[in-house]
Amino acid sequence: MENMNQINEVIRPILATMQIQMVECGWHREGSTTILRLAVMRKDGSMDIDTCAAISEAVSAALDEADLIAHEYFLEVCSPGAERILMGDEDIRQAVGEYVYIKYRNPKGGRDEIYGTLLQVETDHLHIAYMDKAVKREMDVDRDNIALIRLAVKI
């Protein structure tokens, strides 16, 4: 596929003027359809359909003008979702106070995953509050033992 760095160079200034953060930008295939999926959100994590539509119009026009993409594609602008993957240190730091899911690389305490509230982010670990049966507990999760961390919906 086309060079994502060049595509991002076209998209980022548009999002910056709209005060929108890019969470993901990448190519996806659904059947024979090629999709350039752009997941975006405001700094507070929110997003609405009208803003997605405005972003889609602006980005589509800019990409057409830049003429970087030689093949037919569909541009999809969307919210990253309620259970989006946290990517990078800044994204994780912004999730302090949020309910998260962590999948371990190596099981810890007989578990290979945990759901809980992210309390603190340190250089080498994350501090999590979780429920163990009916008891509220806290623990540290070593960063190098995290295979995946994402927001979670508390049920």
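**Close-up 1. Salt bridge between Asp48 and Arg42.** In this predicted model, the side chains of Asp48 and Arg42 meet in a salt bridge, with 2.5 Å from N to O. A salt bridge is defined here as a side-chain nitrogen of Lys or Arg within 4 Å of a carboxyl oxygen of Asp or Glu. Asp48 is partly exposed, its relative accessible area being 29%, and Arg42 also counts as partly exposed, at 25% relative accessibility. The classes are set as follows: buried is under 20% relative accessible area, exposed is over 50%, and partly exposed lies in between (1.4 Å probe, protein chains only). By the salt-bridge rule, the count comes to 10. Residues are numbered from 1 along each chain as its sequence is written. Because the model is predicted, local features need pLDDT of at least 70 and side-chain atom pairs count only at pLDDT 80 or more, whereas totals for chains, interfaces and linings use all residues; side-chain values use heavy atoms, with hydrogens and water left out.

Close-up 2. Arg37 forms a salt bridge with Glu30, and the closest N and O atoms are 3.0 Å apart. Arg37 is buried, with a relative accessible area of 17%, whereas Glu30 is partly exposed at 47%. A second pair in this view is Asp91 with Arg84, whose side chains meet in a salt bridge at 2.8 Å from N to O. Asp91 and Arg84 are both buried.

**Close-up 3. Cysteines without disulfides.** The structure holds zero disulfides, a disulfide being a pair of cysteine sulfur atoms within 2.5 Å. For Cys25, the nearest cysteine sulfur is that of Cys78, 10 Å away. Cys25 is buried, with a relative accessible area of 17%. Cys78 is likewise in no disulfide, and its nearest cysteine sulfur, that of Cys52, is 6.8 Å away.

**Close-up 4. Negative surface patch around Asp142.** Asp124, Glu138, Asp140, Asp142 and Asp144 form a negative surface patch. Patches consist of residues with over 30% relative accessible area and no salt bridge, like charges being joined within 9 Å and nonpolar side chains (Val, Leu, Ile, Met, Phe, Trp, Tyr) within 5 Å. Accessible areas come from the Shrake-Rupley method with a 1.4 Å probe, and for residues only the protein chains shown count as cover. Lys and Arg count as positive and Asp and Glu as negative, while His and the chain ends are not counted. Asp142 is located in strand S7, residues 135-142. Its relative accessible area is 39%, so Asp142 is partly exposed.

**Close-up 5. Glu83 in its loop, with the chain as context.** Glu83 lies in the loop between strand S3 (74-78) and helix H3 (88-94). Helices (H or I, at least four residues) and strands (E, at least two) are DSSP runs, numbered from the N terminus. Glu83 is partly exposed, with a relative accessible area of 38%. The C-alpha atoms of Glu83 and Val10 are separated by 27 Å, these residues being 73 residues apart along the chain. The chain has three helices and eight strands, which run α-β-β-α-β-α-β-β-β-β-β from the N terminus on. The C-alpha trace spans about 55 × 30 × 30 Å along its principal axes. Of the 155 residues of the chain, 37% count as buried.

Terms used
The place of a charge is taken as NZ of Lys, CZ of Arg, CG of Asp or CD of Glu.
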